[in-house]
Amino acid sequence: MTREVDADKRATLRRFAALGAATPLAAGGRTHAAADGDDDSAARDAIRGYLATTPGAHFSKLRDDLSLATGETQHHLKRLESGGEVISQKDGDYRRYFPAGRFSAFERRALGYLRRETPRGMILGLLRTPDASGADLARALDVSRPTVSTYAGELADAGLLDTEEGYRVARPEAVIALVVRYADSFGPDAVAFADDAASFISYDG
């Protein structure tokens, strides 16, 4: 069983390491490669590749998806952050990680909320139907109206939602671009939205 787990871990790391080696994020890390062991280098390349395709992932998701141990993940992320390749920011109970220099503060906040099921559903719902009410969103997402109100407040505080007259997504085209580019990493609701994205690009925010 241990051999099977190790083999699965190596396969996962190789898959994401291939992405990491091809991404600009890898350029800054090459100065450390000679000093790293093969396993360390593969793990960091895998994290680079993973964050290139799943920006805004929180620590536990990154660790679990790459089949890394907690201490191992902490070690490599610390090295990548200290090397200026990765940045992180607190998001409620989570710490989320992003390729350095790739996203604006607005985009990082948007990615963080797009990785949370109910806020993502609200954002996608409002992009599809800009005049949707809180009650409409609650019904569509099968959550309570107070839940929608709570998240609407958070999204407004984060600069992602305008709540002056109902609910409207701030900078909708920027948000749509993020959804389309990283749809596969968000889930089937985002993939379905991305499939219809052409009809939303001209949405005037």
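Predicted model: local features only at pLDDT ≥ 70, side-chain atom pairs only at ≥ 80, totals over all residues.
Arg139 and Ala140 are exposed on one side of helix α8, while Gly134, Leu137 and Ala138 of this helix, which spans residues 134-141, are buried.

- Seen down the axis of α8, the buried residues fall within an arc of 100°, so they line one face of the helix.
- In general, an α-helix has 3.6 residues a turn, so residues that stand three or four places apart point the same way.
- The cover over the buried residues of α8 includes helix α7 and helix α9, the latter being residues 145-157.
- On the other side of α8 lie Arg139 and Ala140, which are exposed.

**After α8: Asp142 and Pro146**

- Asp142 follows α8 and has a positive phi, near 55°.
- Pro146 has its place in helix α9, and Pro146 is exposed, because its relative accessible area is 55% and the cut-off for exposed is over 50%.
- Although Pro146 and Gly134 are 12 residues apart along the chain, their C-alpha atoms are separated by 9.0 Å.

**Helix α12 and its two sides**

- In helix α12, which covers residues 188-195, the buried residues are Ala190, Phe193 and Ala194.
- These buried residues fall within an arc of 100° when α12 is seen down its axis, so they line one face of the helix.
- The face of α12 that is turned away from this buried side carries Pro188 and Asp195, both of them exposed.
- Among the elements that cover the buried residues of α12 are α7, α10 (172-181) and α11 (183-186).

**How α7 packs against α12**

- Helix α7, made of residues 117-128, packs with helix α12 at an angle of about 20°, and the axes of the two helices are 10 Å apart.
- Since angles under 35 degrees count as roughly parallel, this angle makes α7 roughly parallel to α12.
- The crossing in which α7 passes α12 is left-handed.
- From α7, the contact is made by Arg120, Leu124, Leu127 and Arg128, and from α12 by Asp189, Ala190, Ala192 and Phe193.

Key
Residues numbered from 1 in each chain as written. Heavy atoms only, no water. Axes fitted to C-alpha atoms, helices over the stretch in contact; angles between N-to-C directions. Helix = DSSP H or I, 4+ residues; strand = E, 2+ residues; numbered from the N terminus. Parallel < 35°, antiparallel > 145°, perpendicular 65-115°, else oblique. Left-handed = near helix turned anticlockwise from the far one by under 90°. Contact = heavy atoms within 4.5 Å. Buried < 20%, exposed > 50% of the residue type's maximum accessible area, 1.4 Å probe, protein only. Arc of directions from axis to C-beta.
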